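Hello,

Here is the structure I promised to pass on. My notes on it follow below.

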Amino acid sequence: AAVYAHALRIGEGLSRGERAPLALNAGALLVLHGLLARDAATSDRGMPYLESARAAGNDAVAALALFSMGRAHECAGRRAEARAAYTDLLGMHPEFVDARVRLAVLAAAERPETQLRDSADVVRTARETANSLFKEALSSEPANLDTGAMYMRFLAGEYPANRHVAWGSVKDLAAQLFLGPD
């Protein structure tokens with residue numbers, strides 16, 4: 001973090017847009033450090049950098065800043081703010097699979113009867129929402145093993161929203177991931 005702070009000081013002569021990638025990296029580094037240490041205060045120290053990068057950066061920088069902001073909010077237990085960051089990101093880039101997966105994980109962490117409103121303004125249970133988001137993510141990137149692993153955990157009953165193991169679905173998903181769709 002000290003190295004990035006030094007880089008930001010050196011970059012003070014740059015334009016706001018030129019500094020945006022530096023701010024993004026500094027913010028993302030602090031968020032990652034906070035996630036690994038399970039320290040929300042450290043993640044929160046990255047937020048001003050990420051806000052700055054989001055406001056001043058190009059579309060790619062803003063997208064990455066939003067994702068890191070969502071992760072920081074998750075680390076701090078601010079689920080609503082995390083959902084908002086990921087939803088905003090998907091509004092900009094619907095193909096950003098990791099944001100869809102994080103929304104699925106947030107939904108899966110809720111109680112099964114919790115009602116959630118999706119981006120199409122449809123209200124569904126947390127279980128239905130998580131299942132739908134995981135399926136959407138896998139349909140975008142069927143070979144993504146990280147997404148498949150998260151969905152398998154969901155199907156295996158590892159999240160509060162789904163405590164009923166669906167072994168047939170786990171078996172089918174494993175076959176699809178490792179053997180292909182046919």
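A salt bridge here is a side-chain nitrogen of Lys or Arg within 4 Å of a carboxyl oxygen of Asp or Glu. D121 and R117 meet that rule, with an N to O distance of 3.2 Å between their side chains. Both D121 and R117 are exposed. Please keep in mind that the model is predicted.

Overall layout

The chain has 182 residues, of which 40% count as buried. Its secondary structure comes to 10 helices and two strands. Taken along the principal axes, the C-alpha atoms fill a box of roughly 60 × 35 × 30 Å.

Other salt bridges

The count of salt bridges comes to nine. One of them pairs R83 with E110, whose closest N and O atoms are 2.8 Å apart. This pair links distant parts of the chain: R83 belongs to helix 6 (residues 79-92), while E110 sits in the loop between helix 7 and strand 1 (115-117), and 27 residues separate the two. E110 has a relative accessibility of 14%, so it counts as buried, the cut-off being under 20%.

Another salt bridge in the list is formed by E113 and R111, with 2.5 Å between the closest N and O atoms. Are its two residues buried or exposed? E113 has a relative accessible area of 43% and is therefore partly exposed. R111, at 56% relative accessibility, counts as exposed.

Helix packing

Two packed helices are described by the angle between their axes and the distance between the axes. For helix 7 (residues 97-108) and helix 8 (residues 126-140), the angle is about 160° and the axes are 8 Å apart. That makes helix 7 roughly antiparallel to helix 8, because angles over 145 degrees are classed that way. The crossing of helix 7 and helix 8 is left-handed.

Which residue has its C-alpha atom 6.3 Å from that of A108, although 52 residues lie between their positions along the chain? The residue is P160. P160 is in the loop between helix 9 (145-155) and helix 10. With a relative accessibility of 30%, P160 counts as partly exposed.

Surface patch

L145, F178 and L179 make a nonpolar surface patch of about 380 Å². L179 is part of helix 10 (residues 167-179). The relative accessible area of L179 is 71%, so this residue is exposed.

Backbone

One residue deserves a look for its backbone angle. Most residues other than glycine have a negative phi. R38 is not a glycine, yet its phi is positive, at about 55°. R38 lies in the loop between helix 2 (16-37) and helix 3 (40-45). At 75% relative accessibility, R38 counts as exposed, since the cut-off for that class is over 50%.

That is the end of my notes.

Regards

Methods:
Residues numbered from 1 in each chain as written. Predicted model: local features only at pLDDT ≥ 70, side-chain atom pairs only at ≥ 80, totals over all residues. Heavy atoms only, no water. Patch = residues over 30% accessible without salt bridge, like charges linked within 9 Å, V, L, I, M, F, W, Y side chains within 5 Å. Areas by Shrake-Rupley, 256 points an atom, 1.4 Å probe, with all protein chains shown as cover. Helix = DSSP H or I, 4+ residues; strand = E, 2+ residues; numbered from the N terminus. Buried < 20%, exposed > 50% of the residue type's maximum accessible area, 1.4 Å probe, protein only. Axes fitted to C-alpha atoms, helices over the stretch in contact; angles between N-to-C directions. Parallel < 35°, antiparallel > 145°, perpendicular 65-115°, else oblique. Left-handed = near helix turned anticlockwise from the far one by under 90°.
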